[in-house]
Amino acid sequence: MTTAPEAAGPPAFDARTFRHVVGHLASGVTLVTTRTATGDFGMTASSVTSLSRDPPMMLACLNSASPTSAAVSEAGRYAVNVLGEAHGHLAQQFATPSSDKFAGVRVLEGQLGLPLLADSLARIECQVVEEVRAATHTIFLGRVVDAHADEGNPLTYFRGGFGRFEFARDDAVYQRARQQVLERMYAADAVLHLDDLAYQLGVERPAAFYALTRLTADGLVRRDPERGYVVVPFDARTSDETFDARSAIELGVLDMVVGSVSAEDLTRLRSRFEAMAALLVGERFVDFDRYLDANYAFHEALVSLAHNPVLTSSFGRLSIKTVMTRSFGVTPVTSQSFIDAQRAITEGVERGDLEAARAAVLQYTELAKQRVRQILQQTGGRL
């Protein structure tokens, strides 16, 4: 296993656009392409799927013996080209060994300098952040840097024409594994062995491995080079540092913009707040995962009021969703005071009242910290 260094790169890609684009992957055929100093490489790949929305990531599983797999490893980047229903010939062309798979294919150059298929239904460019060897294949975890989609229907598999789209059908297994981690069925810092997890979930090893990769992307599990997959401990210091960092960013944004926010930005912030508030009725979540997305979108809109990509990127790297997931666990109950504080932030910005908006941010931060301590007390101090 090798891990790419955390290099400074483009700002985190917009999660809503990412969600729209990867919708084209539901049951489609993709071509994975890359470029090295020796030329362009590409192959038809079925084991490709979206991995997470926060941050936007993709997972591509390639046969380690293929030239494209070696090229992706060398380049540290790859593109996923989603084929349309009229592109069966391209799937066949890139699945067949050839000295020039790109013959007769219109190619564009992407943001990362990668060869993109001009006629593909969607194009997603990724920077490799980790690669994992598993039996005969290499799994490339990629951070999405850019993505575009066009109208049309995806090319789908029919009677095994191009193989099976395995990872999509394993999402339910991942959800079960995630629930077990959140319910603290595994001790903090415990090692999750692949065979044991597969046995506990009653599934085959590939499905259990997919669950582990998703849990790693969620920040619930980390991959230790020596021990394997380990349940990430969670304590008050971890959450305090994250919430304080978010607070510092938001307070800085408020100092910059309150009193001069455009009507369009105010409408967007209010819309994000209302969408989030609708998912907490009384003191119960209507849908926790949707609330988590809406909460992130609200705070992202608040930070984006500054129209500063560096601040937006810094906010995106805080892993807020992971901390909130661990904070709330699997309980459907919370406090309406969270929504009240966020309403006060929104109204303060709308009125141009800097002092009120700042006070509400600080109040929300303290409420979040208190929530973590309540959960930790119930679980003996660590999750």
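I started at helix 2: its buried residues pack against strand 1 (30-36), strand 2, strand 4, strand 5 (77-82), strand 8 and strand 9. For my own reference, helices (H or I, at least four residues) and strands (E, at least two) are DSSP runs, numbered from the N terminus. Buried means under 20% relative accessible area, exposed over 50%, and partly exposed in between, with a 1.4 Å probe and protein chains only. Contact means heavy atoms within 4.5 Å.

Ground rules next. This is a predicted model, where local features need pLDDT of at least 70 and side-chain atom pairs count only at pLDDT 80 or more, while totals for chains, interfaces and linings use all residues. Residues are numbered from 1 along each chain as its sequence is written, and side-chain values use heavy atoms, with hydrogens and water left out.

**Helix 2, continued**

I listed the buried residues of helix 2 (residues 67-75): Thr68, Ser69, Ala71 and Val72. Looking down the helix 2 axis, I see them within an arc of 165°, so they line one face of the helix. That arc is taken over the directions from the helix axis to the C-beta atoms. Pro67 and Glu74 are exposed, on the face turned away from the buried side.

I traced 7 strands in an open, antiparallel sheet, ordered 2-1-5-8-9-4-3. From one strand to the next, the twist averages 30°. Axes here are lines fitted to C-alpha atoms, for helices over the stretch in contact, and angles run from 0 to 180 degrees between N-to-C directions.

I then checked strand 3 against strand 4 (residues 56-63): they pair in the antiparallel sense over 5 bridges. Pairing requires at least two bridges found by DSSP between the two strands. Arg53 has Pro56 in strand 4 as its bridge partner. Helix 6 (residues 205-218) packs on this sheet, touching strand 3, strand 4, strand 8 (122-134) and strand 9 (137-149). The direction of helix 6 makes about 30° with that of strand 3.

Next I followed 3 strands in an open antiparallel sheet, in the order 10-12-11. Strand 10 (191-192) and strand 11 (221-224) are at its edges with a single partner strand each, so one side of each lacks a neighbour in the sheet. Strand 11 and strand 12 are antiparallel over 4 bridges. A hairpin through 3 residues joins strand 11 to strand 12. I found Arg223 opposite Tyr229 in strand 12. Helix 6 turned up again: it packs on this sheet and touches strand 10, strand 11 and strand 12. Here the helix 6 direction makes about 55° with that of strand 12.

**Aromatic pairs**

I paired rings of Phe, Tyr and Trp (its six-membered ring) if their centres lie within 6.5 Å; planes under 30 degrees apart count as stacked, over 60 as edge-to-face and the rest as tilted. By this rule I get 6 aromatic pairs. Phe94 and Phe102 have ring centres 5.1 Å apart and planes at 90°, so the pair is edge-to-face. Both Phe94 and Phe102 are buried. Phe209 and Tyr229 are also edge-to-face, at 6.5 Å centre to centre and 80° between the planes. Phe209 lies in helix 6 and Tyr229 in strand 12 (residues 228-231), so the pair ties together parts 20 residues apart in sequence. Phe209 and Tyr229 are both buried as well.

**Asp240**

Is Asp240 buried or exposed? Asp240 is buried, at a relative accessible area of 15%. I placed Asp240 in helix 7 (residues 236-257). With neighbours within four places in sequence left aside, Asp240 contacts Lys369 and Arg373.

**Whole-protein numbers**

I noted 13 helices and 14 strands. Of the 383 residues in the protein, 51% are buried. Among contacts with a separation of 6 or more, 73% come from residues 24 or more positions apart. The accessible surface comes to about 17,300 Å², 50% of it belonging to carbon and sulfur atoms. These areas come from the Shrake-Rupley method with a 1.4 Å probe; for residues, only the protein chains shown count as cover.
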